[in-house]
Amino acid sequence: MKKLIMFAILFLFLKQGFSQNQNFEQPDYKKIAIAIKDSDSNLFYNKLMQRYHASDTTMTLNERRHLYFGYVNNEKYAPYGNSNFNDSLSIVLNKKNIEMSDFDLLNKFSDAILKEYPFDLRTMNIKLYALEKMFKITEFQNCLTKATMVLDAILSTGDGLSKETAFYVINPSHEYDILDVIGFQYGDEQRLIDHYDYLKLAENDSNIEGLYFDVSPCLNALNNMFK
């Protein structure tokens with residue numbers, strides 16, 4: 001099922017060719033928080049979210065970065081949250097035989113989850129799987145565009161090879177999604193080092209032992225929960 005779920009995004013990035021030789025930029029959360037409050041700016045958060053929901057392919061990388069990283073300022077930001085619809089989704093996915101009517105359910109349950117968690121890549125992949133099976137090409141492309149926006153923002157921040165070039169994520173689940181997208185497997189070991197998650201990788205042709213992910217906003221949100 002894992003291979004089934006990741007097929008669409010993984011195919012997209014393999015086709016485009018993911019490169020770790022680019023100019024990375026760490027997100028400045030304070031500057032982003034200020035920029036997305038300016039209603040006269042193209043970075044005004046309500047405008048960005050409207051364009052995201054409209055699957056606007058003309059959004060620049062800078063706008064995508066403000067969309068993704070700016071979400072930490074949303075009152076609904078909950079990096080460790082879980083939708084009630086996840087159980088419903090799992091029941092359908094775990095059926096021995098998935099019928100055509102089940103794909104419609106997967107699509108509807110996915111939409112319900114994405115309404116609560118708009119950047120949930122795993123749910124987007126399930127939705128892509130359902131849409132592909134139902135031959136809903138336009139909806140498939142729109143969903144794929146949204147997923148691409150999220151991945152563009154994350155992959156613009158680093159290569160994960162060190163703390164200095166860590167991937168920046170606003171949800172811990174995105175760490176494992178990134179591994180799949182760039183072709184690595186999780187090595188069943190995770191360590192929190194300061195505000196970085198270090199994920200050990202399974203044996204790979206690149207001989208990379210592990211990758212770093214900056215999870216600062218996740219930890220901040222966790223601390224605020226216990227205040």
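In this predicted model, strands β3 (residues 196-201) and β4 (residues 210-214) pair in the antiparallel sense, with five bridges between them. Within this pairing, Y198 has Y212 of β4 as its bridge partner. Strands of a sheet pair through backbone hydrogen bonds, in either a parallel or an antiparallel sense. The sheet to which β3 and β4 belong is open and consists of four strands, arranged in the order β1-β4-β3-β2 with mixed pairing. Its edges are formed by β1 (167-168) and β2 (186-193), each of which pairs on one side only. Helix α9 (residues 173-181) packs on the sheet and touches β1, β2, β3 and β4. The direction of α9 makes about 35° with that of β3.

A helix-helix contact is found between α5 (residues 85-93) and α6 (residues 100-116), whose axes come within 9 Å and cross at roughly 155°. Because angles over 145 degrees count as roughly antiparallel, α5 and α6 are therefore roughly antiparallel to each other. The crossing of the two helices is left-handed. On the α5 side, the contact is made by F85, N86, S88, L89, V92 and L93. The contributing residues of α6 are D102, L105, L106, F109, S110, A112, I113 and E116. By residue class, the contact of α5 with α6 comprises nine nonpolar, three polar and two charged residues.

Note on methods. Residues numbered from 1 in each chain as written. Predicted model: local features only at pLDDT ≥ 70, side-chain atom pairs only at ≥ 80, totals over all residues. Heavy atoms only, no water. Axes fitted to C-alpha atoms, helices over the stretch in contact; angles between N-to-C directions. Parallel < 35°, antiparallel > 145°, perpendicular 65-115°, else oblique. Left-handed = near helix turned anticlockwise from the far one by under 90°. Contact = heavy atoms within 4.5 Å. Nonpolar A, V, L, I, M, F, W, Y, C, P; charged D, E, K, R; others polar. Pairing = 2+ DSSP bridges.
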